[in-house]
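I opened this entry to record what I looked up, term by term, in the structure shown below.

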Amino acid sequence: MADPSDVFDAAVAALDTQLLRRRRRVVAPLAGATLQADGRPLLAFAGNDYLGLAQHPALVEAAQRGAARYGVGATASPVICGHGPAHAALEDELARFVGLPRALYFYAGYAANSGALPALVERGDALISDALNHACLIDGARLSRADITVYAHNDMAALERALIATQGARRRLVVADAVFSMDGDLAPLPDMLALCERHDAWLYVDDAHGFGVLGQGGRGSLSHWGFTPGAMPPRLIYMATLGKAAGVAGAFVAGVPSLVEWLMHKARTYFFATGAPPMIAEALRASLLLIEREDWRRERLQALRLRLRAGLAGLPWPAPATPSAIQPLMLGDSASALALMDALEMQGIWVPAIRPPTVAEGTARLRISLSALHSLADVDRLVAALTATTNAAGTNTAPPRI
């Protein structure tokens, strides 16, 4: 009889052949934007700690106070006894922060999207999804069993055609990232909301990479596009994660009170899961204060972005300009992306190569992620390393066909 593990041996070997096997590293923070990865210090443009808050003393102290007061576990689902004073205060503060009536806190962003979408639409409904949405939105859409239509990325004419084609559905939900995680570009939310109003649909927005970074006081993509508290469109359902710019963990969904109440009862990843530890909620409350008060973090991100844009302009690879902390450098194929990542790592810099299935075939890239912890000198060092790699490669640096 064949060894059952042979099936997975062959499957893992195939990942190697396709250059799609990932290497998990043991990572610990060092000073500034430097991480220790497998024991080696590397200047990192790899994570999503956009405001540099993950190691902030105020957050650490808030978590410690929360642990001392509440312990380290929520012990049960939030609808039993896993929702405490810290969670309640956090939800109120999140709702006020983004200017929506009510918020519901989930233990993880993946859980929020994969739980909320099936609670909002089901068989017989229509879910209309941007082609570049994150995997958790895709999985939530599939779990909903609604009829799914995928429209071309940020193509408003295609979105309107999909809305017209689904007029017979009981309920229609348009789903999109507000800032796309691998490209760094923005969804045109005012246009999307106008279409949803015109065609009697809801809009679900995932602002994982805009919250804390964009908008007045870091209030996210809604503020960036000019939506104000008290004048939020009622058809809007807003979601944001709290493990990126906020520096901690979890996510929340916000909207009109009856919708949030429905999610509390019907989102299985909320209803049936143990709540997040209260100390995490306390750390997030401290984070919200810093996000709102310390505009210098967003100002530094802007200065870093402009410095990087100027440096990338002279390189042979396409580097689409984005207004976010995410700056892609397009290589095309996985082998080229891995080779450039390795060349940078030899110079003490970590920029991750992003390959399928995270991105489409033929669009492998380096994803340069900026943080307020970076300095202008850090960006200059990255650009110098990229330039040195280009010069060393000689003529083999033609832009990819993507």
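Which backbone nitrogen does a side-chain oxygen of aspartate 333 reach at the start of H13? I found that this oxygen comes to within 3.2 Å of the backbone nitrogen of alanine 335, and I noted that a polar contact is a pair of N or O atoms within 3.5 Å, where within protein one must be able to donate a hydrogen and the other to accept it, and residues adjacent in sequence count only if both atoms are side-chain atoms.

Before going further I wrote down that this is a predicted model, in which local features need pLDDT of at least 70 and side-chain atom pairs count only at pLDDT 80 or more, while totals for chains, interfaces and linings use all residues. Residues are numbered from 1 along each chain as its sequence is written, and side-chain values use heavy atoms, with hydrogens and water left out.

**Confidence.** I looked up pLDDT, the predictor's confidence in each residue from 0 to 100, and the protein chain averages 94, with 97% of the residues at 70 or above. Over residues 395–402 pLDDT stays under 50, and for these the model has 12 contacts (heavy atoms within 4.5 Å) beyond four places in sequence.

**Helix H13.** I took helices (H or I, at least four residues) and strands (E, at least two) as DSSP runs numbered from the N terminus. H13 covers residues 334–346, and its 13 residues reach 18 Å from first C-alpha to last, close to the expected 18 Å, which is 1.5 Å times one less than the number of residues. Among its buried residues are Leu338, Met341 and Glu345, where buried means under 20% relative accessible area, exposed over 50% and partly exposed in between (1.4 Å probe, protein chains only). Just after H13, I noted that glycine 348 takes a positive phi of about 85°.

**Loops.** I found aspartate 38 in the loop between strand E2 (34–37) and strand E3 (40–44), with a positive phi of about 55° although it is not a glycine, and at 43% relative accessibility it counts as partly exposed. Threonine 75, in the loop between helix H2 (57–70) and helix H3 (85–98), also has a positive phi, near 80°, and is exposed at 64%.

**Sheet.** I traced an open sheet of four strands in the order E1-E2-E3-E12, with mixed pairing; two strands pair if DSSP finds at least two bridges between them. E1 and E2 run antiparallel and are joined by three bridges.
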